[in-house]
Amino acid sequence: MLRKKFVATLVLAVLAGTCQAQLEKRDVHIAVGGQASFYYLPLTIAERLGYFRDEGLTIKLSDFAGGAVALRAVVGGSADVVSGAYEHTISLQSKKQYFQAFVAQGRLPQIAFGIATARAGAYKSLKDLKGLKVGVSAPGSSTHNLVKQLLTMGGLDANKDVSVIGVGLGATAITALKSGQIDAISNTDPVMTKLEQDKAIKVIADTRTVKGTEAVWGARLPAGVLHAPIEFVQKNPHMVQALANAIVRADQWIAKASATDVAKVVPESYLLGDRALYLFSFDKVKEAISPDGLISDAGAKATVKALSAFDPAVKAAEIRLDRTYTNEFAKNANAKYR
């Protein structure tokens, strides 16, 4: 029995070494928009637990205020891969720029929208959002798209009826709301749960759960993914596979982990000075994190439909979904890490 285990381990080691030897690129620069958010937790877990290293990769992470800013880093050529929202691949294609998602970190958007408590008493319907200063992670990010969706649902102009202000995805967002710089906020956890617990906001839309996501978008939309220019994916299949392996492994780890397990791995700064809050927030969003890195076709189609409601460019375009995502790498990763 011991000999069989030794041989099996040796075979796996040889296969892993062979795969790493085929990597087209070992040093990979990933741009992420707000890494401390649960939205990108699999990326952090893969980094902190050495999963990228196990795949033969050396990762450089550049953290930006929001997904749209991180995306610009890759479009501009200063980074290789984006850790951002799947919906960006669709928006880009409508502008004749082709990015492809190859592994998922989230299966629900994980974004909530809340109005400052001082203004919540005057809120009766979505039409009452008109004229407010709304904080988002960064203009053009998925947090901004939720705002556009709510305005559209309320019969308002998604591009004119509110003032949008970038506030990031961490402590700066909390400060902006509490100091009165903004009247409402669209953000992720643990920021939104912190504001809720402090009774600083009244949440009116919540995509951290299946029920809340379907209420806003009408379907379950995929969220955080790794994506890159499609030519980059095609030219570096072994490297992309290695990235997918690390993220799927992290997805699987999170699916089995407790809040305490996660808090032990992430940097202390992610806890926002409140460990209990972080633990509570994780339990609220755990179902929104992908367990396997796969993107559903139904979710991809629903994303196109959702964006078409307020983005004229997407509405007018003929989006080829097969160019916006592939499950090939995530399927291989799941086969490797059963």
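The largest nonpolar core of this predicted model comprises 48 residues, of which Leu41, Val81, Phe102, Leu243 and Tyr278 touch the most other members. A nonpolar core is here a set of buried Ala, Val, Leu, Ile, Met, Phe, Trp, Tyr and Cys residues joined through side-chain atoms within 4.5 Å; buried denotes under 20% relative accessible area, exposed over 50%, and partly exposed the range in between (1.4 Å probe, protein chains only). Helix 12 (residues 237-256) supplies the largest share of this core, ten residues. Helices are DSSP runs of H or I with at least four residues, numbered from the N terminus. Contacts of Leu243 (heavy atoms within 4.5 Å) include Val28, Ile30, Phe52, Leu57 and Ile59, as well as Val81, Phe102 and Leu226, with residues up to four places away in sequence not counted. Another core, of 38 residues, lies apart from the largest one and has Leu126, Leu132, Val216 and Trp217 among its members.

Residues are numbered from 1 along each chain as its sequence is written. Local features need pLDDT of at least 70 and side-chain atom pairs count only at pLDDT 80 or more, whereas totals for chains, interfaces and linings use all residues; side-chain values use heavy atoms, with hydrogens and water left out.

Gln93, in helix 5 (residues 87-93), is buried, at 5% relative accessibility. Beyond four places in sequence, Gln93 touches Tyr98, Glu318, Ile319, Arg320, Arg323 and Thr324.

Arg275 belongs to helix 14 (residues 275-285) and is partly exposed, with a relative accessible area of 38%. Thr260, Ala263 and Lys264 are touched by Arg275, not counting residues up to four places away in sequence. The C-alpha atoms of Arg275 and Tyr325 are separated by 36 Å, the two residues being 50 residues apart along the chain.

Methods. Helices (H or I, at least four residues) and strands (E, at least two) are DSSP runs, numbered from the N terminus.
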